[in-house]
Amino acid sequence: MSDPRVLILFEGGQRTYRPGEMLSATCRIESLSLFEPKAMEVSVLWHTEGKGDEDLAVHYFNRVSADDEGAMELRRPYQFQTRLPNSPLTYDGIIVKIRWCVRVRLFLVRSREIVAEQAFRLGDIPAAVLVVPK
Amino acid sequence: MTDSNDQIVASNPFATRFTRPGALRYHFAPEVGCDRLLDRLAAEGWRGAIVGPHGSGKTTLLSTLELELAARGRVSHRVTLHAGQHQLPYNATHRAADPRLVLVIDGYEQLGVWPRWRLSRQVQAKGWGLLVTCHSPLGLPVIHHTTTDPELAVILVRELLGGYGEFISDDDVRRAFAEQEGDMRETLFTLYDIYELRSRATKPR
């Protein structure tokens, strides 16, 4: 029996947003009927990524739990929207990157978890250019 | 604003996020499993040391063992000591006596002789276990020596690349491993740089 698949779809297929723009997305879980979901957490967050310690901040968070009348909700596509902040802007650096993403964490019975992530860009900072000495 | 999936910041598979202990699983040699190590630790009265050089997987192994300690009904409390930290933080030992508790110290060699002696007495008095990582045994029973080899590095890198190995070859891994004299952490950092260099060379700007 294969695990349920979590799909994160940005409205209009948009993947790049301006600071302060509204992000709208839908999370859909496929093959969930075969499983007993306990809860789903949806977050919009940024994190750093590189060779050093990581930093992370959650901009939007919502948890739908099967306990509080959410059992049916978990089986329907979950739509949400949030106004993105002005910073930090996405940055494709060499030793550090700033990545924005929508992250969905699905909790199943027996402490099983499925995590799905879909990245998007906030702002339009060009990627760093690696200069190799000749 | 333009909109293209090419512009999404791609992850570097050698970033700390994917390589830190806990994210990367410890690879046991066939004759040594997690259960066997925990049996050894239990036989030593839950006192033991994981010994190995820098970047040989001590902290990664510790993270794996901690999960299994919980499965055996033990409660672990981890303290990480960094270079120059010769004393334990106050809250590390000011806890109630609890026979289930295993105090886990990553970087035990940082402690001076006197703090280690005092800790040993405290642990005994409170009935705690003590599991540490260090570069030499320092008076505790050694439950495992961590080592690395180039083929282990190749296996780890293949796992990290997950089938997207276009920028890093097995020979790159072996070369980086040799350059870093077997330090797996530094090997992965070297490969981070190579990955950045090669992936950027092929990216449209």
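Leaving aside neighbours within four places in sequence, which residues is B:Gly129 in contact with? They are B:Trp46, B:Leu101, B:Val102, B:Leu103 and B:Val123, where contact means heavy atoms within 4.5 Å. This is a predicted model, so local features need pLDDT of at least 70 and side-chain atom pairs count only at pLDDT 80 or more, while totals for chains, interfaces and linings use all residues. Residues are numbered from 1 along each chain as its sequence is written, chains are lettered from A and ligands numbered from 1 in the order in which they are written, and side-chain values use heavy atoms, with hydrogens and water left out.

**Around B:Gly129**
- B:Gly129 sits in strand E4 (residues 129-134) of chain B; strands are DSSP runs of E, at least two residues, numbered from the N terminus.
- B:Gly129 is buried, at 0% relative accessible area (buried means under 20%, with a 1.4 Å probe and protein chains only).
- Though 27 residues apart in sequence, B:Gly129 and B:Val102 are 4.1 Å apart, C-alpha to C-alpha.

**A sheet in chain A**
- Three strands make an open, antiparallel sheet in the order E1-E3-E6 (strands pair if DSSP finds at least two bridges between them).
- E1 (5-10) and E6 (78-83) of chain A stand at the edges with a single partner strand each, so one side of each has no neighbour in the sheet.
- E1(A) pairs with E3 (residues 22-30) of chain A over six bridges, and A:Arg5 has A:Glu30 as its bridge partner.

**Where the chains meet**
- Chain A brings 33 residues to the contact and chain B brings 24.
- Six salt bridges are counted between chain A and chain B (a side-chain nitrogen of Lys or Arg within 4 Å of a carboxyl oxygen of Asp or Glu).
- B:Arg17 and A:Glu117 meet in a salt bridge at 2.7 Å, N to O.
- E8(A) gives the most to the side of chain A that touches chain B, with five residues.

Definitions and conventions:
Helices (H or I, at least four residues) and strands (E, at least two) are DSSP runs, numbered from the N terminus. Buried means under 20% relative accessible area, exposed over 50%, partly exposed in between (1.4 Å probe, protein chains only).
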